[in-house]
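This report describes the overall build of a protein model, then its nonpolar cores and one of its helices.

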Amino acid sequence: MDNPKNKVTVKVPGTSANCGPGFDCLGLAATIYNELEMTLLEDERLIIESSGDGAETIPTDDKNIVWKSARMVLERSDNAEKFKGAIIRMENHIPMSRGLGSSAAAIVAGLTAANAIVGTPFNRNEILKFATEIEGHPDNVAPAIFGGFTVSTVDKGVVQTFSFTPKIKLKLVVAVPDFPLSTRVARQVLPKSVPLKDAVFNVGRAAMLVAALIEGKERFLSTAFDDALHQPYRTKLVPGMQEVFSAAKKSGALGVALSGAGPCLIAFSAANKRIENNIAVEMVQTFKKHDVQANALILDPDTRGAVVNF
Ligand code: HSE
């Protein structure tokens with residue numbers, strides 16, 4: 001029988017990064033989860049099983065990102081000699097490679113599970129630092145760890161995250177296209193430098209967005225999700241993107257954005273079932289006009305982030 005102290009379960013939320021103007025800085029956690037059960041072993045066996053979204057594409061060897069992340073914690077806490085193998089079982093509900101933080105969830109799950117089993121030598125800020133090292137930017141891993149809406153900065157490897165619960169009760173209507181888009185490809189289309197006026201456009205909106213959410217001033221959201229730094233360059237990667245945005249806004253969305261690097265599109269709505277459903281239907285139908293099959297998710301913001309259970 002497994003030693004129960006070597007076994008833990010972790011539930012990690014999906015996330016939507018950027019939130020429009022906050023490229024690589026803003027993110028929020030949503031009520032869609034991947035669940036992981038990890039047992040660390042003293043021998044070198046590695047058994048990885050997954051079910052749910054994209055299960056057939058997930059590596060089951062030492063290239064697996066959950067295991068790689070767990071290894072980072074084991075090495076940095078001097079436990080790599082003690083635990084050389086693992087049994088990892090995943091149940092994935094976050095759509096893979098769609099812009100809802102599936103890779104961040106895997107990284108955070110691996111780090112958090114291994115950290116819990118070896119006695120929590122690292123606090124959440126240290127886990128955030130490790131996760132950002134692996135992912136390259138903090139905007140998905142931060143809300144996956146802390147929950148809520150997050151503002152993150154990175155300066156010479158030092159990652160800081162401010163997490164808060166917006167005062168406006170937002171619903172997240174997400175249109176999930178049936179094709180994946182790799183973050184690497186979606187970053188390759190971005191320019192190396194941007195005009196100052198576009199930078200100013202985004203700084204103002206990102207600041208306005210955070211201020212409006214903290215103060216609960218819904219009327220300031222009407223332009224606060226707009227972006228000039230990444231979405232215009234990524235439009236060509238998501239057929240119908242601008243039309244889907246317009247359809248969502250016409251149906252009552254407070255704001256719209258590319259979710260992370262895409263291809264999911266997210267509409268932020270006030271909590272109202274009729275409006276949320278209308279937005280969802282209009283987004284899916286508009287995608288269809290551009291030959292993209294999509295399904296819609298209507299989610300709430302998650303406020304807890306990664307949760308561990310023994
Ligand atoms: N900020 C990142 C990007 C999120 O837009 O490329 C994707 O993981």
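Accessible areas are computed here by the Shrake-Rupley method with a 1.4 Å probe. On that basis the protein, which is a predicted model, exposes about 14000 Å², and carbon and sulfur atoms supply 52% of this area. Of its 310 residues, 53% count as buried.

**Overall build**

The protein contains nine helices and 11 strands. Its C-alpha trace spans about 60 × 40 × 35 Å along the principal axes. A compact globule with 310 residues would have a radius of gyration near 19 Å, and the protein agrees with this because its own value is 19 Å. Among contacts with a separation of 6 or more, 74% are made by residues 24 or more positions apart.

**Nonpolar cores**

In soluble globular proteins, nonpolar side chains tend to be buried together. In this model the largest nonpolar core has 72 residues. The residues with the most contacts inside this core are Met38, Leu40, Ile88, Phe149, Leu209 and Leu221. Helix α2 (residues 102-117) gives the most to this core, with 11 residues. Apart from it lies another core, of 22 residues, which includes Val244, Ala248, Ala267 and Val292.

The surroundings of Met38 can be given in detail. Neighbours within four places in sequence aside, Met38 is in contact with Asn6, Lys7, Val8, Val66, Ala70, Ile87, Ile88, Gly110, Ala113, Ala114 and Ile117.

**Helix α6**

Helix α6 (residues 196-215) has 20 residues. From its first C-alpha to its last it reaches 28 Å, close to the 28 Å expected at 1.5 Å a residue. Which residues of α6 are buried? They are Asp198, Asn202, Ala206, Leu209, Val210, Ala212 and Leu213. These residues lie on the same side of α6 because they cover an arc of only 165° around the axis. The face turned away from this buried side carries the exposed residues Leu196, Lys197, Val200 and Val203.

Several elements contribute to the cover over the buried residues of α6, including those in the table.

| Element covering α6 | Residues |
|---|---|
| β2 | 26-41 |
| β5 | 149-155 |
| β6 | 158-164 |
| β7 | 170-177 |
| α7 | 231-234 |

Just after α6, Gly216 takes a positive phi of about 75°.

How values were computed: Residues numbered from 1 in each chain as written. Predicted model: local features only at pLDDT ≥ 70, side-chain atom pairs only at ≥ 80, totals over all residues. Heavy atoms only, no water. Helix = DSSP H or I, 4+ residues; strand = E, 2+ residues; numbered from the N terminus. Expected span 1.5 Å × (residues − 1). Buried < 20%, exposed > 50% of the residue type's maximum accessible area, 1.4 Å probe, protein only. Arc of directions from axis to C-beta. Contact = heavy atoms within 4.5 Å. Rg over C-alpha atoms; globule rule 2.2 N^0.38 Å. Core = buried A, V, L, I, M, F, W, Y, C linked by side-chain atoms within 4.5 Å.
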